[in-house]
Amino acid sequence: MKYLDEYRDESLAKSILAEIRRLVTRPWVLMEVCGGQTHSIVKYGIDRLLPDEIELVHGPGCPVCVTALEMIDKAHAIARQPDVIFCSFGDMLRVPGSDGDLLTLKSRGADIRVLYSPIDCLKIARANPDKKVVFFAIGFETTAPANAMSVFQAHKQGLMNYSILVSHVLVPPAMAAILQSPQNRVQGFLGPGHVCAVMGYEEYEPIAAQFHVPIVITGFEPLDLLQGTLMALRQLEAGRAEVENQYPRVVRREGNRSAQQLVSEVFEVCDRKWRGVGSIPNSGYRLRREFREHDAERIFAVRQIDTRESDICISGEILRGIRKPHDCPAFGTLCTPDHPLGATMVSAEGACAAYFAYGRHLAAERIAAQAREEAVLS
Amino acid sequence: MCLAIPGKIVEINDDEHGVRMARANFGGIVKQVCLEYTPEARAGNYVLVHVGFALGVVDEAEAAQTYQALKNMDQLGELAYPQPEAAAAAVTTS
């Protein structure tokens, strides 16, 4: 496909790698922010192609992963109600709450539908005036314009039986929280290309300046990720800390103004709890008062739900780049995509799930087995 | 989740409620796409699509420039770091 295939060229990848090897003089830790980038990096083995000096740690940019367990339980409580058609992106179906997942609820008779786009909810709401149609509106800034438009159009078209359960998260406050942590290891970022297609990258400039970290807005294909790494490395080696754009075919500095305008008309910034990380000030969206009739949390008044996370899971540290999936004793054994213990295993874009999908738990097992063998022999 | 892919606009048409929609081709698969956020998009343009919404028109000039920069690096790389076969040939002929 045009604009995808040419960014997977092996020969060009080799020359970027050669340039990276030539430039690097000391160890550096880079974080890719977006879960889609994590998935690409692990799928193509980009982290293993890089010289040992460059370590990629995986950021918190998987919205399914960081959706708080309480919110998932709320979604399930709403989906169980008999007059509800509960709609969701497919990624959310298998994420376990305190009592099973959405697929289990569906098998027990709940009307749960997987949608490609929230705009499809409007048709469902129109065709089912006696039902309450609820969309599970999760995502980063990339998804906010789509979710905002569904509410805006429902309101305009008088579809008062449509509401959304909002669990939106925002990237820049999470990056700032990572950098403020005393345990922080991150020295540069590959910024989230599709978030910035919507929001632009002006708001990243104060972060780069304040924390003196390079931020390179980066795409999702292997050559994009390698070139983003090279650009960040050039800055680090030269002592620069700027926002650069590796992905100009899609990202402009000002972003998409008309999308930003509708998003801010429908949503307002609020504090948000991130699974594995905790509450981050001003890191989410909620519906504005003018659209409260479409706010599922208000309509269904689900009581506060108490939840408990696994004691073993280290996903909070993985999401902040402090540790890697292999550092967790439960990775690939007690914790797998079928039985996830925490945030980074629940969605394919989580770091643990990506490591598992591409066989890295097997590598971990081999190393462990080898160590055991050596211990026996010695 | 933030997956977005480029699709080529085949035909633009408003839906019955005046929402600007289009049919877009993704490597042979044609899907409906909302163009409300890309008023500048025209038939034949590539748009970057996420969950059924075009988030921007792909900038063909920028795409060509990025790709050319990578190509140039590839050629410079070959000059700076001779391929093993070329290096071996250079040794045997000298």
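In this predicted model, contact between the two chains brings together 31 residues of chain B and 45 residues of chain A. On the chain B side, three elements each supply at least two residues: strand S4 (46-50), strand S5 (53-57) and helix H1 (60-80). A reader looking for the main contributor can turn to H1(B), which gives the most to the side of chain B that touches chain A, with eight residues. Sorted by class, this side of chain B has 20 nonpolar, seven polar and four charged residues.

Chain A itself is divided into two parts, with domain 1 covering 1-317 and domain 2 covering 318-377. The centres of domain 1 of chain A and domain 2 of chain A, taken over C-alpha atoms, are separated by 23 Å. Their contact takes 34 residues from domain 1 of chain A and 26 residues from domain 2 of chain A. On the domain 1 side of chain A, helix H2 (35-44), strand S2 (54-61), helix H4 (63-66) and helix H15 (315-319) each supply at least two residues. Here H2(A) gives the most, with six residues. The side of domain 1 of chain A that touches domain 2 of chain A has 16 nonpolar, 12 polar and six charged residues.

Strand S5 of chain A (residues 132-139) runs parallel to S6(A), and seven bridges join the two. Together with helix H8 of chain A (residues 144-156), S5(A) and S6(A) make a right-handed β-α-β unit. S6(A) also pairs with strand S11 of chain A (residues 278-287), this time in the antiparallel sense and over two bridges. In that pairing, A:His168 stands opposite A:Tyr285 in S11(A).

Notes:
Residues numbered from 1 in each chain as written. Chains lettered and ligands numbered in written order. Predicted model: local features only at pLDDT ≥ 70, side-chain atom pairs only at ≥ 80, totals over all residues. Domains from an automatic or database assignment. Contact = placed C-beta atoms within 7 Å. Helix = DSSP H or I, 4+ residues; strand = E, 2+ residues; numbered from the N terminus. Nonpolar A, V, L, I, M, F, W, Y, C, P; charged D, E, K, R; others polar. Pairing = 2+ DSSP bridges. Right-handed = clockwise from strand over helix to strand, strands pointing away.
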